[in-house]
Amino acid sequence: MSFAEEVYALCKKIPRGKVTTYKEIGKALGKGQVYRAVGRALRDNPYAPDVPCHRVVCSDGKIGGFKGKVSGKAIEEKIKLLEKEGVIVTNGKVDFKKFFVKLVLSLPAKDFSGFGLAKSFRVPFRRDKTARK
């Protein structure tokens with residue numbers, strides 16, 4: 001799966017009426033500070049509106065870009081899409097206390113096989129020698 005596909009998969013998990021940030025998507029992917037790369041991937045989103053890239057905003061709550069633009073009709077469209085879903089945009093910003101959602105990357109179980117997580121979590125019993133005197 002390419003980086004962009006990973007971004008799109010996470011973006012699809014953002015619920016209607018909520019937003020997340022470019023930085024949060026990067027953190028959820030475990031890639032560090034890749035918020036610009038996340039923005040580039042979303043700018044070229046071929047799956048809109050199935051992949052709701054309009055639900056991704058800047059870390060300071062500002063709207064950010066949309067369709068490769070940072071102002072004008074594209075941003076007005078992004079704001080309208082968010083407001084249609086119930087997200088309130090005031091002075092070009094979203095209130096994170098009400099509308100932010102933290103993303104968690106959920107991988108298929110097979111991806112954890114190398115960590116031995118499919119096996120039973122048995123804790124060996126350790127007999128306390130002082131208890132049997």
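**Note on the predicted model: packing, cysteines and backbone**

1. Setting aside residues up to four places away in sequence, L42 touches V7, Y8, C11, Y22, C53 and V56; contact here means heavy atoms within 4.5 Å. The model is predicted, so local features need pLDDT of at least 70 and side-chain atom pairs count only at pLDDT 80 or more, whereas totals for chains, interfaces and linings use all residues. Residues are numbered from 1 along each chain as its sequence is written, and side-chain values use heavy atoms, with hydrogens and water left out.

2. The protein chain has 5 helices and 4 strands. Helices (H or I, at least four residues) and strands (E, at least two) are DSSP runs, numbered from the N terminus. In order from the N terminus, the elements run α-β-α-α-β-α-β-β-α.

3. Of the 133 residues in the protein chain, 32% are buried. Buried stands for under 20% relative accessible area, exposed for over 50%, and partly exposed for what lies in between (1.4 Å probe, protein chains only). Among contacts in the protein chain with a separation of 6 or more, 68% are between residues 24 or more positions apart.

4. How do helices α1 and α3 cross? The axes of α1 (residues 3-11) and α3 (residues 35-43) come within 9 Å and cross at roughly 80°. The two helices are therefore roughly perpendicular to each other, a label for angles of 65 to 115 degrees; under 35 degrees counts as roughly parallel, over 145 as roughly antiparallel, and the rest as oblique. The axes are lines fitted to C-alpha atoms, for helices over the stretch in contact, and angles run from 0 to 180 degrees between N-to-C directions.

5. On the α1 side, the contact between these helices is made by F3, A4, V7, Y8 and C11; on the α3 side, by A37, V38, A41 and L42. By class, this contact of α1 with α3 has 9 nonpolar, no polar and no charged residues. Ala, Val, Leu, Ile, Met, Phe, Trp, Tyr, Cys and Pro count as nonpolar, Asp, Glu, Lys and Arg as charged, and the others, Gly among them, as polar.

6. On the cysteines, a disulfide is taken as a pair of cysteine sulfur atoms within 2.5 Å, and by this rule the count comes to 0 disulfides. For C11, the closest cysteine sulfur is that of C53 at 6.0 Å, too far for a bond. C11 is buried, with 0% relative accessible area, while C58 is partly exposed at 25%.

7. P49 lies in the loop between α3 and β2.

8. Two non-glycine residues deserve a look for their phi values. K67 has a positive phi of about 55° although it is not a glycine; K67 sits in the loop between β2 and α4 and is exposed, with a relative accessible area of 52%. N91 likewise is not a glycine and has a positive phi of about 55°. The place of N91 is the loop between β3 (89-90) and β4 (93-94), where N91 is exposed, with a relative accessible area of 77%.

9. G92 is found in the loop between β3 and β4. At 29% relative accessibility, G92 counts as partly exposed. G92 and G61 are 31 residues apart in sequence, and their C-alpha atoms are 8.2 Å apart. Not counting residues up to four places away in sequence, G92 touches G61, K62 and I63.

10. Leaving aside neighbours within four places in sequence, V101 is in contact with I14, P15, K18, V19, T20 and E24. V101 and T21 are 80 residues apart in sequence, with a C-alpha to C-alpha distance of 8.8 Å.
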